[in-house]
Amino acid sequence: MKIIATNKSASFEYFIEEKYEAGALVVAITDENGERYEAPLPAVSFGIGERTIVNVEWVPESVTLPDGPTFNEIVGSFMDGNEISSIKFITGSTTKSENELVENSVFLLKNGDVLEIHTASEHYLANSNSSRMFCSYDGHTSFSLLKSIDFGNSFNTGYVTDMSAMFGSCSSFSTLDVSSFDTYNVTNMASMFSGCSSLTSLDLSNFDTRKVTDMEYMFAYCSRLNFLDISTFSFKAKPSIVNMFVNAGTPVIYIYISVGGKAYIESIDNDDNPDNNTGFYGSFILVDETGGIVVPDMGDHGDEEWL
């Protein structure tokens, strides 16, 4: 028996007569990324010397989304004029439409004021370049009308390295749930939430920032931000933090930091802003894990700058 398989069908060349019930045969398929999948075959009969074509429908476990700017262009064009106020990512779906985000894999559907993004796969893989993904200052102002994004539990950001301006100028968010984000490999968070002027609170306690080298303008112009949890932030990569919080706060931001208030940056050089290298403008109050206000004491910290 000879088996030739592609991603949509399998060709069998038999030299003896055989019959198989549905599921008795399984064909293994390897995609262009080297991922291996198995798909059961329907009931099939083979005649001596005959070639039989069997269609095999299979769904990859995950689907990779386009890079941030491409996602922004395709989704933004769909949203423009459609009065969309929310985006919802849906997996394990059989819904298809003529509006494709990823060919034959990811589909856009308007449901009231919600943009539903459907895939039959179990997971979305965010592109390594997810910069400007939902950004509204790239020509598609419809993103500025979004009030919420539902990422669900199947939005995988583990391969993302660039989240710069990911939510830039999404000015209608009052809250944003990014608790499912895996940021271990991210190196660029510049302007990630810049211009989210309606955000009042933001919980980033799940963020791993040990590899981040750029945090410039990360929370700039979040003018209503009143509470921010960055208790797990690491600054080991000595990121640039120029204007990280410029024009943020209402007028005070309560910043939740790590145990004992030990949130500080060590030996950061900031040539663009030598007089304020922490990028903190305005009034800020540091709050520890008990809710108590922390008064930073430089003490013996040398050249370390407190957040």
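Select Phe-167 and display its surroundings. Beyond residues up to four places away in sequence, Phe-167 touches Phe-134, Ile-149, Phe-151, Phe-173, Leu-176, Val-178, Phe-181, Met-192, Phe-193, Ser-194 and Cys-196, a contact being heavy atoms within 4.5 Å. The model is a predicted one, in which local features need pLDDT of at least 70 and side-chain atom pairs count only at pLDDT 80 or more, while totals for chains, interfaces and linings use all residues. Residues are numbered from 1 along each chain as its sequence is written, and side-chain values use heavy atoms, with hydrogens and water left out.

Next, colour the largest nonpolar core, which has 57 residues. Such a core is a set of buried Ala, Val, Leu, Ile, Met, Phe, Trp, Tyr and Cys residues joined through side-chain atoms within 4.5 Å. Ile-87, Phe-89, Phe-134, Phe-167 and Phe-193 have the most contacts inside this core.

Now move to Thr-183, in the loop between strand E15 (155-156) and strand E16 (201-203); strands (E, at least two residues) are DSSP runs numbered from the N terminus. Thr-183 is buried, with a relative accessible area of 1%; buried means under 20%, exposed over 50% and partly exposed in between (1.4 Å probe, protein chains only). Leaving aside neighbours within four places in sequence, Thr-183 contacts Met-163, Met-189, Phe-207 and Asp-208.

From there, select Asp-208, which forms a salt bridge with Arg-210, the closest N and O atoms being 2.9 Å apart. The term requires a side-chain nitrogen of Lys or Arg within 4 Å of a carboxyl oxygen of Asp or Glu. Asp-208 counts as buried at 17% relative accessibility, whereas Arg-210 is partly exposed at 42%.

Methods:
Helix = DSSP H or I, 4+ residues; strand = E, 2+ residues; numbered from the N terminus.
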